[in-house]
Amino acid sequence: MSLLEVEKLEVRFGRTAAVRGASLTVERGETHCLVGESGCGKSVTALSIMNLLARNAVRRAERLAFQGEDLLGLSDAGMARLRGNAMAMIFQEPMTSLNPAYTVGSQMTEVLRRHKGASQKAATERAADLLARVGITAPGMRLGQFPHQLSGGLRQRVMIAMALMCDPQLLIADEPTTALDVTVQAQILRLLSRLQRDLGLGLLLITHDLGIVARVATRVSVMYAGEVVESAPTAELFANPRHPYTQGLLRCVPVPGKIRRDQPLGSIPGTVPRIGPGFEGCAFRERCEFADETCSHTVPRHHAGTTHDFLCRLPA
Amino acid sequence: MRRGWKNVATWVGAVIVGVAAFCALFAPLLVPHDPFAQDLGKRLLVPFWMAGSDPDHLLGTDQLGRDYLARLIYGCRISMMIGVTVTIVSGIIGITIGVLGGFMGGRVDDAVLFAITTRLSLPVVLVALAVVGLLGSSMTILMFTLGLLLWERFAVVARSTTMQVRNLDFVAAAWCAGCSRFRILAGEVLPNIASHLVVVATLEIALAILLEAALSFLGLGVPPPLPSWGLMIAEAKDYMFFSPWVIVIPGVALFVLVLGINLLGDGLRDLFGARADA
Amino acid sequence: MLRFIIRRLVVALLVAATVMTLAFIMTRLSGDLAISIAGPNATQADIEAVRKAYGLDRPVLTQFFDWVGRASLGDLGDSFFFKRRVSDLIGERMPVTLTLGLTGLVIALVVSLPLGILAAVKENTAFDRFVQVVALLGQAMPSFWLGLLLMIVFGLQLGWLPISGTDSWQSFIMPGVVLAFSAIPALTRLTRAGMIQAMASDYIRTARAKGLSRASILLKHALRNAAIPVVAIAAVQLGFMLGGSIVIEQVFALHGVGFLAWESIAKNDFPVVQAVVLVLAVIYVGLTMLADMLNAVLDPRLRGA
């Protein structure tokens, strides 16, 4: 039984389909990266797993299960019992994700007290413990501080510690390093990897940065225009990309020593299409060099090995 | 759906204001009787929806036999006149102060803020009453007193919008092109803050009308026998327990007019997308 | 924090000084006060007597500095009509006005806060529009007229509440409601807007991701932030209510400071009028300072730490 199973997730806001078919699984102890460019629907996918979308969002899936338990039919109260508890999430903007009116300590302890009925004392101890674990010095002092007194990197560490308060099994991280300085990025990533290993978490990491994927991911799912177009273990994906979009993406990453001065940098021609209702076929066909007329109809899902699948008419 | 509702409300407001403006402008032609003509034989006649009414006086008569409908229409003229004049005077004062403060910044702005703070701390009704009480009540004194007291919203909005506009690129471009300060103010700043100020103006008219009504109610506003609605309510206070319509009618008129102006103002604000004040 | 307080105090003092001056000028606008006080049938001798008795024969500047000097020390002069110290008069009447103002504010908050919160939670539904309509109606309502209507309905026809005087706490209900009506539109709108903005913020998304209860998210996390501007405006509204109570006190025959000012204007008792303007202005400035302090308590970012 996988930790998280998502099968054919669809999310629409009014007439716009933000996610048109996302399928992925996250196992315990695995770091699964969901990668794609801005607007491909990866954040919406993450939010819809936790059911944190806006009121006008419509969510549908063939299967959405956490530890075998169905999430789709769960009421909001039922979801609330899981959130912050068995499954936790951290976000992209640490500067605004903490409530400016309350201390770091109170925001951390309230999670443990809410879900496990812990006493203030026990919760405070655990909070200090976790702050130390995420590499924050003088945790006692930090607990009494307000968010505006902390830097961006520190705040993100606090967010991570806060997410771990109730010992979650699944941690969803939505672009946790995008808003941070490059040096801090590396530190946070190292921290996340270490915690994931030490605690045996399942980590779903949303990012647009292939460098991050290469560094920390066990498994990768590539998203394009609302669909997961390819999914494979990291090494396999980088060595043997099957979907033309993935191939294009990898070509775009300049590798020191391999690029030549007289060659232009790789890019994918064209732009992401706007998908209206009733769209059929492959969303990438306008920009793909291998496209033919069958690509305007339903695209088959092929397998290249037991753990590698992709959405393309081209054979494995 | 919200847009649609807002539209209806705005149109209702526009119609109300239109009717009021019409009454105000053409009052002498509209009234069935002279609003000042007393007829003590026909005192306190009931309006047409009650038994025993006189078809000659649709809304009945007041305690001195004066036709109520006529006084209502003339009262509308007085309210509108005062509302508009006070708004013009306070607008000139407030906009000048606000734009100067917002545009010049520094010491000038400090002085402007201080003036606004001081003005806000003054109890307006009390000061207006005191001035009118001392100088005597007349339309002119009333209008000038209120005009000199009610400028703060103009000033605040003019100042904040000017400050926003001042920092925009096209103003910098005008500076670079060598335009004088005055030209920038008149040509770049004012046109861009105008929409916000129009919204403030409509709300100020409503406020001025309510304030004048309160002052007239207390006897220190429009002098009798002029038919200000506030004064009519005050005069009717002694009879209100026996003939409640005498205070209901002018009160409803006041309420509807102010409501109409507010609806129109809100609609204008949505139209211009103006959100200069909190 | 200390610098902040000192700076505000300086501004407050300057405002008080300016208001003192304005109040003085205001009462001298009609020219010769002695004539007004002596009355229409006074002879020249009477007028001269009045002038001497009230120190109006001194140069204007002397009168001004006398007023400023004494007022700064708390001596607000003597009432012509009541023949008593003005500060005593104001002290006697102030409790009524304060009770009225606070009643009005409490009623306004008790109505506005829940309405604003609910309207925000049910944004764009029929309830939300209903609340906005209520706010509109409240804004258009002439307060004195509402007072009279309430008097007719609740005082006379139903006989539930007393229509004048200050015999019991019930006397403050109707006037309090009328005062509240003037503040409810602004407070409701502000609460609603603040809550809508707070609910859309990132930290509320975090709170939801933590699995906190709906009540906790709404009332603990969102409201705390939305309340900040509301508190400031509430203090200011109290100031307006105290300043505008003159109309309500007259309608309901409540003998507060506003009523005192009203009587004094009618009798040309200018020391009282001058003093009341000053006292109300100082109270208003004090309230805005209080609002700033409350803001600093509610919003840690303002504490300058």
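Two residues are taken to be in contact if their C-beta atoms, placed from the backbone, lie within 7 Å. The model is predicted, so local features need pLDDT of at least 70 and side-chain atom pairs count only at pLDDT 80 or more, while totals for chains, interfaces and linings use all residues. Residues are numbered from 1 along each chain as its sequence is written, with chains lettered from A and ligands numbered from 1 in the order in which they are written.

Chains A and B, by comparison, do not touch, and their nearest C-alpha atoms are 15 Å apart. The B–C contact draws on 36 residues from chain B and 39 residues from chain C. On the chain B side, α4 gives the most, with 10 residues (helices are DSSP runs of H or I, at least four residues, numbered from the N terminus). By class, this side has 28 nonpolar, 6 polar and 2 charged residues (nonpolar: Ala, Val, Leu, Ile, Met, Phe, Trp, Tyr, Cys and Pro; charged: Asp, Glu, Lys and Arg; polar: the others, Gly among them).

Helix α7(C), residues 143-157, reaches 20 Å from its first C-alpha to its last, close to the 21 Å expected (1.5 Å times one less than its number of residues). A kink of about 25 degrees is centred on C:Met151, the bend being the angle between axes fitted to the seven residues ending there and the seven starting there. C:Met151 is also buried, as are C:Phe144 and C:Trp145 among others in α7(C) (20 or more other C-beta atoms within 10 Å of its own, C-beta atoms being placed from the backbone). The cover over the buried residues of α7(C) includes α8, α9 (229-236) and α10 of chain B, together with α8 (173-199) and α10 (214-251) of chain C.

Methods: Helices (H or I, at least four residues) and strands (E, at least two) are DSSP runs, numbered from the N terminus. A residue is buried if 20 or more other C-beta atoms lie within 10 Å of its own, exposed if 12 or fewer, and partly exposed in between; C-beta atoms are placed from the backbone.
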